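User: I would like to walk through this protein with you, one question at a time. Could you start with the terms we need?

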Amino acid sequence: MQVSVNRHGVYRNGLYWYCLGVPQISDRAGAGDQTAVAPGEMTVDELATHARLPVRTIREYHTMRLLPPPERRGRVGIYGSSHVQRLHLIGRLQRRGYSLA
């Protein structure tokens with residue numbers, strides 16, 4: 001299997017896999033965020049890490065109105081457990097053969 005890596009991500013067999021590294025949840029404390037986030041609440045990067053999806057996919061689900069909008073705190077969207085449950089539901093329905101349309 002041929003794999004090439006560049007600054008945009010990983011390419012495998014001519015198909016683009018969006019798998020850039022996302023920060024771990026524990027990295028938040030030292031990142032110098034100005035917005036305080038309570039335990040159980042996540043930013044979009046943390047939600048993507050938890051759901052094992054790219055941020056781009058989560059934003060696409062917002063566009064398609066499959067995922068409810070996050071609570072806003074300034075410019076930061078805060079996601080909760082209901083968003084995680086909805087992402088798991090979307091994945092389960094896709095595995096069963098349902099389309100997102």
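Analyst: Happy to! A salt bridge here is a side-chain nitrogen of Lys or Arg within 4 Å of a carboxyl oxygen of Asp or Glu. This is a predicted model, where local features need pLDDT of at least 70, side-chain atom pairs count only at pLDDT 80 or more, and totals for chains, interfaces and linings use all residues. Residues are numbered from 1 along each chain as its sequence is written, and side-chain values use heavy atoms, with hydrogens and water left out.

User: Which residues do salt bridges that share partners join into one network?

Analyst: Arg-73 sits in strand β4 (residues 71–73) and Glu-41 in the loop between β3 (15–17) and α1, so that pair links distant parts of the chain, 32 residues apart. Both Arg-73, at 25% relative accessible area, and Glu-71, at 43%, are partly exposed, the class between buried (under 20%) and exposed (over 50%), using a 1.4 Å probe and protein chains only. Through shared partners, the network joins Glu-41, Glu-71 and Arg-73.

User: In what order do the elements of the chain run from the N terminus on?

Analyst: Helices (H or I, at least four residues) and strands (E, at least two) are DSSP runs, numbered from the N terminus. The chain has three helices and five strands. Its elements run β-β-β-α-α-β-β-α.

User: Is α1 parallel or oblique to α3?

Analyst: Axes are lines fitted to C-alpha atoms, for helices over the stretch in contact, with angles from 0 to 180 degrees between N-to-C directions. The axes of α1 (residues 44–51) and α3 (residues 81–95) come within 11 Å and cross at roughly 40 degrees. Angles under 35 degrees count as roughly parallel, over 145 as roughly antiparallel, 65 to 115 as roughly perpendicular and the rest as oblique. That is why α1 is, relative to α3, oblique.

User: How many nonpolar, polar and charged residues does the contact of α1 with α3 have?

Analyst: Contact means heavy atoms within 4.5 Å, and α1 brings Leu-47, His-50 and Ala-51 to meet His-83, Val-84 and Leu-87 of α3. Ala, Val, Leu, Ile, Met, Phe, Trp, Tyr, Cys and Pro count as nonpolar, Asp, Glu, Lys and Arg as charged, and the others, Gly among them, as polar. By class, the contact has four nonpolar, two polar and no charged residues.

User: Which residues is Thr-43 in contact with, leaving aside its neighbours within four places in sequence?

Analyst: Thr-43 lies in the loop between β3 and α1. Thr-43 has a relative accessible area of 16%, and therefore counts as buried. Setting aside neighbours within four places in sequence, its contacts are Val-76, Gly-77 and Tyr-79.

User: Is Arg-52 buried or exposed?

Analyst: Arg-52 is found in the loop between α1 and α2 (55–63). Its phi is near 60 degrees, a positive value in a residue other than glycine. With 77% relative accessibility, Arg-52 counts as exposed.
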